[in-house]
Amino acid sequence: MSQQNADALDVERIRGEFPILEREFEGQRLVYLDNAATTQTPEVVVEAMSDYYRETNANVHRGIHQLSQEASICYEEAHDRVAEFVGASGGREELIFTKNTTESENLLAYAWGLRELGPGDEVVLTEMEHHASLVTWQQIAERTGATCRYIRITDDGRLDEEHARECITDETAIVSVVHVSNTLGTVNPVADLAALAHDHDALIFVDGAQAVPNRPVDVEAIDADFYAFSGHKMAGPTGIGCLYGKKHLLEDLDPFLYGGGMIRKVTFEESTWGDLPWKFEPGTPPIAEAVGLHAAVDYLEGIGMDRIREHEESLAAYAYERLDAEGDVDLYGPEPGPDRSGLVGFNLESVHAHDLASIMNDHAVAIRAGDHCTQPLHDRLGVAASARASFYIYNTREEVDALVEAIDSARQLFA
Ligand code: C6P
């Protein structure tokens, strides 16, 4: 066996851990290629959450009773484990649980942006940002008088590095950049951008929604000031996301939402805030979801993040190659290589992306079609919509073949 095969994932075994993959639609086995939207959930995660509900369920940080104490420990340990997973040495104090990446971005933009930004300040984004960043910073800029600037992309879907150096200046207050584009698959040089931002005394926020699920991420090696991601894209449950922040920066921030569980002392006149991360987590938090995310992180690390990345990249490269060979498929993003992740965005020239996805659905192939919450990027690409196949640990080359066959059927139908 070659070294590469020895290191390859045991996809058959992994598939067995995801019962949903057994589903059939009109006799056809599900081919799930919409993982950039939401990944499927392995049994160990489902079990961890059911066990929690069966045996431990209670509110956290409120009760003296045994169950509440146990639930609190589960919840706190989940923070530490997820922090460790992304290389945050400050543990729970640097890792806030939110609802999803979108809420993490809003937390930062409201808590930091509203206070710190003003006329003359610039927020530097890129043309490939997801609406979660782009719309949020636009709104905060509008309220504060700050300006948004966008680093251009090149025609092959990479960031224009020269333009990045022009955009990031002493006027820059924060750089907000997506680690891996959900539309192009581009892996951005976030550590270089962080260094550039810091050279100009600016902060950097990284949207890691499409990076943490499928590659090793070390927020300290990147030197990100803030970094966000979602549980449901990394074999975990919906309803939980994360915002990493350097401890001294989080300490300095005021809360974004107010209520119970996040205070130290409240009088009729004023309130003071609790410790990190609780001052950013008011109300009853996603406790069972935190338990699920903890299990998901254990599960992914058990497989190995390097191997996950290799598996996905090799499937995406195979899909790219097969789609390219079709002759009438427009592909977006860089050619397969180290700066391309495990998804492929494309359009079949003769068929609208929505029609294509609908025909795929008739073949039980689940892909995504639309603007993927990157409308300005689609404007830049000159298309209203695109189709996207995105891969995860349980996908196979045979499923890529099924994708291509379904595309052939669509072409025939519309001929
Ligand atoms: N992208 C997709 O591409 P939430 O929905 O909050 O968990 O994640 C938002 C988000 C932020 N940044 C990037 C780069 C993303 O890809 C996403 C979610 C999904 O299919 C839904 S648009």
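**Salt bridges in the predicted model**

Arg54 counts as exposed, at 59% relative accessibility; exposed is over 50% relative accessible area, buried is under 20%, and partly exposed is in between, with a 1.4 Å probe and protein chains only.

Before I go on, the conventions. This is a predicted model, where local features need pLDDT of at least 70, side-chain atom pairs count only at pLDDT 80 or more, and totals for chains, interfaces and linings use all residues. Residues are numbered from 1 along each chain as its sequence is written, and side-chain values use heavy atoms, with hydrogens and water left out.

Back to Arg54. Its salt-bridge partner is Asp51, with the closest N and O atoms 3.0 Å apart. By salt bridge I mean a side-chain nitrogen of Lys or Arg within 4 Å of a carboxyl oxygen of Asp or Glu. Both residues sit in helix α3, residues 43-55, three residues apart, about one turn of the helix. Helices here are DSSP runs of H or I, at least four residues, and strands are runs of E, at least two, numbered from the N terminus. Asp51 is partly exposed, at 29%.

Next, Asp225 and Lys246: their side chains meet in a salt bridge at 2.9 Å, N to O. This pair links distant parts of the chain, 21 residues apart. Asp225 is in the loop between α9 (219-222) and β9 (226-230), and Lys246 in the loop between β10 (241-245) and α10 (247-252). Are these two buried or exposed? Both are buried.

There is also a network: Arg81, Glu84, Asp298 and Glu301 are joined by salt bridges that share partners.

Over the whole structure, the search finds 31 salt bridges.
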